[in-house]
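Here's a friendly walk through one protein chain.

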Amino acid sequence: MSEFALPFLSAEACVQAGDALTLIDVRKPAAVLASGLEVPGVERVDPFDLHLAHRCLETDTELVFFCVHGHEVSQYATAMAMVAGCRARYVLGGFEALVEAGMETVEMREKR
């Protein structure tokens, strides 16, 4: 029996792709506040609000989710998107890997 693995994308590939990807930040609110940083132009979705009928899943474009480390939260979001019929992947290593790979970040423009 083969194991199922969710599709992922490396942080380096995300940085190289730039605006060609639809990135979605699904870090928990406390993690976002603790970092104080965000990726400009990226939609942020509270993972506790993500459900099959969420508006971010109403798209024909592939979605790429990231959380802090690229583990449970972004993988959950990827699985949820796939169940909803979307093409989706998560960022291997999450936000920390994106920052390390050189992804542009800015100070949060608003505290949620």
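## Starting at threonine 78

Leaving out residues up to four places away in sequence, threonine 78 touches Leu6, Pro7, Phe65, Ala88, Arg89 and Tyr90 (contact here means heavy atoms within 4.5 Å). You'll find threonine 78 in helix H3, which covers residues 72–83. Helices are DSSP runs of H or I with at least four residues, strands are DSSP runs of E with at least two, and both are numbered from the N terminus.

Is threonine 78 buried or exposed? Its relative accessibility is 0%, so threonine 78 counts as buried. For these labels, buried means under 20% relative accessible area, exposed means over 50%, and partly exposed is in between, with a 1.4 Å probe and protein chains only.

## A word on the model

This is a predicted model, in which local features need pLDDT of at least 70, side-chain atom pairs count only at pLDDT 80 or more, and totals for chains, interfaces and linings use all residues. Residues are numbered from 1 along each chain as its sequence is written, and side-chain values use heavy atoms, with hydrogens and water left out.

## Serine 74, also in H3

Helix H3 is the place of serine 74 too. Serine 74 has 0% relative accessibility and therefore counts as buried. Setting aside neighbours within four places in sequence, serine 74 is in contact with Val26, Phe65, Phe66, Cys67 and Tyr90.

## The sheet

Now for the strands. Which order do the strands of the open sheet follow? There are 5 of them, in the order S1-S6-S5-S2-S4, with parallel pairing. S1 and S4 (43–44) are the edge strands, each pairing on one side only. Two strands count as paired if DSSP finds at least two bridges between them. As a general point, strands of a sheet pair through backbone hydrogen bonds, either parallel or antiparallel.

Let's go through some of the pairs. S1 joins S6 (residues 88–92) in the parallel sense over 3 bridges, and here serine 10 stands opposite leucine 92 in S6. S6 also pairs with S5 (residues 63–66), again in the parallel sense over 3 bridges, with phenylalanine 65 opposite tyrosine 90 in S6. Over at S4, the parallel partner is S2 (residues 22–25), with 2 bridges; isoleucine 24 stands opposite glutamate 43 in S4.

Phenylalanine 8 sits in strand S1 (residues 8–10). With a relative accessible area of 43%, phenylalanine 8 is partly exposed. Not counting residues up to four places away in sequence, it touches Arg89, Tyr90 and Leu92. The C-alpha atoms of phenylalanine 8 and glycine 93 are 9.8 Å apart, though 85 residues separate the two along the chain.

## Stepping back to the whole chain

How many helices and strands does the chain have? There are 4 helices and 7 strands, and from the N terminus on they run β-α-β-α-β-β-β-α-β-α-β. The radius of gyration is 13 Å, close to the 13 Å that the globule rule gives for 112 residues, so the chain is as compact as a globular protein of that length. That radius is taken over C-alpha atoms, and the rule is 2.2 Å times the number of residues to the power 0.38.

Of the 112 residues, 39% count as buried. Among contacts between residues at least 6 apart in sequence, 69% join residues at least 24 apart. Along the principal axes, the C-alpha atoms fill a box of roughly 45 × 30 × 25 Å.
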